[in-house]
Amino acid sequence: MKKHNFYAGPSILPQETIKATADAVLNFAGTGLSLLEISHRSKEFDAVNVEAQQLFKELLEIPEGYEVVFLGGGASLQFCMAPFNFLNKKAAYLKTGVWAKKAQKEATLFGEVIEVASSEDKTFCYIPKNFEALVPADVDYFHITTNNTIYGTELHKDPDVKVPLIADMSSDIFSRRIDVSKYNLIYGGAQKNLAPAGLTFAIVKVDALGKVDRKIPTMLDYKTHIDAASMFNTPPCTSVFAALQTLKWLKAQGGVAEMERRKVVKADKLYSEIERNKLFKPTVIDPADRSYMNICWIMNDEYKELEKEFLEFATAQGMIGIKGHRSVGGFRASTYNALPEESVDALVATMKEFEAKH
Ligand SMILES: *Cc1c(COP(=O)(O)O)cnc(C)c1O
């Protein structure tokens, strides 16, 4: 039976990425060696690294003055690397989820942190209103988490504030066009919408570096990685190769604008069914706050006892990874770029079928 992959991360990748990576594991770029055993300094891998960074810039229309770097440590290491490099005295944070909260906690090690607004009072099921007006004008940056993977909320546009932005875009990068010029830094783990685990990306405004008074350890300094074109230390070669395949796929599909179109189609179908189906209800009430990438729902009050049964029923129909995060319960379907519309249709059909049984 066909499996539909709704995992939140690591998560679905284009079939093209998986096939090309599998081929390269056997014979990389005609070298007769495996991608798993080649030197990162070989000219063949160097070409992959360079092309991946170049395509990253092209697809996101990254302006002059920014560099893309590939790092290790996950988005979680960026929670400290961002303030290490950009927080001199004071920074503002928007607390819209557990990842946002973790980022904010790390920043307190480096300076004063202003919590602009929080949605923790309601298990992060909404985006605070009018937060832009609350951002102080004298902070070094304003940190946001554009998509809250666990709770299914999302900021659908770049905030309008007078200070530079820093964003964790782990779970919605390449799903919408962004005005990169508003940001000093955009970072994320690649394992949600781009590549297998092990790769972290950062888009850095080069001019904005070097403005903090503290000393920065070599490996935690963005400048180190920019100067070395992400080859200061050994990169996760396999993940970088796979990322390049996803970027090529993205371009062939019509780029970020096309992903933007598809994600709305997919998410609208699923949210409509959640609202229509008598068994279910969404956890994020305001449609303006709803994520296009991670769609969360729970059983309606009268049908609470059917939660386990639905999960088993859906899993038996090939719906993989729809169990909600333990802090929210219920269900979560991740509809990342690589998820075909057909998988959403299959999930909707499963929900209808389960409703008919009850
Ligand atoms: C998954 C996720 C993280 C954590 O990423 P790691 O690479 O595991 O450190 C951080 N932020 C967001 C928004 C995420 O979705």
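Student: Before that, what kind of model is it?
Tutor: It's a predicted model, where local features need pLDDT of at least 70, side-chain atom pairs count only at pLDDT 80 or more, and totals for chains, interfaces and linings use all residues. Residues are numbered from 1 along each chain as its sequence is written, and side-chain values use heavy atoms, with hydrogens and water left out.

Student: Ok, what's the strand order in the sheet?
Tutor: The order is 2-10-9-8-5-3-4, in an open sheet of seven strands with mixed pairing. Strands (E, at least two residues) and helices (H or I, at least four) are DSSP runs, numbered from the N terminus. Two strands pair if DSSP finds at least two bridges between them.

Student: Which strands stand at the edges?
Tutor: Strand 2 (66-71) and strand 4 (112-118) do. Each has a single partner strand, so one side of each lacks a neighbour in the sheet. From one strand to the next, the twist averages 15°.

Student: How many bridges join strand 3 to strand 4?
Tutor: Six, and the two strands run parallel. Strand 3 covers residues 90-95, and Ala-92 stands opposite Ile-114 in strand 4.

Student: Which strands does helix 2 touch?
Tutor: Helix 2 (residues 43-59) packs on the sheet and touches strand 2 and strand 10 (200-205). Contact here means heavy atoms within 4.5 Å. The direction of helix 2 makes about 130° with that of strand 2. Angles run from 0 to 180 degrees between N-to-C directions, and axes are lines fitted to C-alpha atoms, for helices over the stretch in contact.

Student: And helix 3, where does that lie?
Tutor: Helix 3 (residues 74-86) lies across strands 2, 3, 8, 9 and 10. It runs at about 160° to strand 9.

Student: Switching to helix pairs: how do helix 2 and helix 6 pack?
Tutor: Helix 2 and helix 6 (residues 237-253) pack at an angle of about 40°, with their axes 9 Å apart. That makes them oblique to each other. For the cut-offs, under 35 degrees is roughly parallel, over 145 roughly antiparallel, 65 to 115 roughly perpendicular, and the rest oblique. Helix 2 passes helix 6 in a left-handed crossing, meaning the near helix is turned anticlockwise from the far one by less than a right angle; clockwise would be right-handed.

Student: Which residues make that contact?
Tutor: Among them are Phe-45, Val-48 and Leu-55 of helix 2, and Phe-241 and Leu-244 of helix 6. By class, the contact of helix 2 with helix 6 has twelve nonpolar, one polar and four charged residues. Ala, Val, Leu, Ile, Met, Phe, Trp, Tyr, Cys and Pro count as nonpolar, Asp, Glu, Lys and Arg as charged, and the others, including Gly, as polar.

Student: What about helix 8 and helix 9?
Tutor: Helix 8 (residues 307-316) and helix 9 (residues 341-357) pack at about 130°, with axes 10 Å apart. Helix 8 passes helix 9 in a right-handed crossing.

Student: How many salt bridges are there?
Tutor: A search of the whole structure finds 25. A salt bridge needs a side-chain nitrogen of Lys or Arg within 4 Å of a carboxyl oxygen of Asp or Glu. Asp-158 forms one with Arg-176, with the closest N and O atoms 3.2 Å apart. The two sit in separate loops, so the pair ties together parts that are 18 residues apart in sequence.

Student: Where is the cis peptide bond?
Tutor: From Gly-9 to Pro-10, with omega near -10°.
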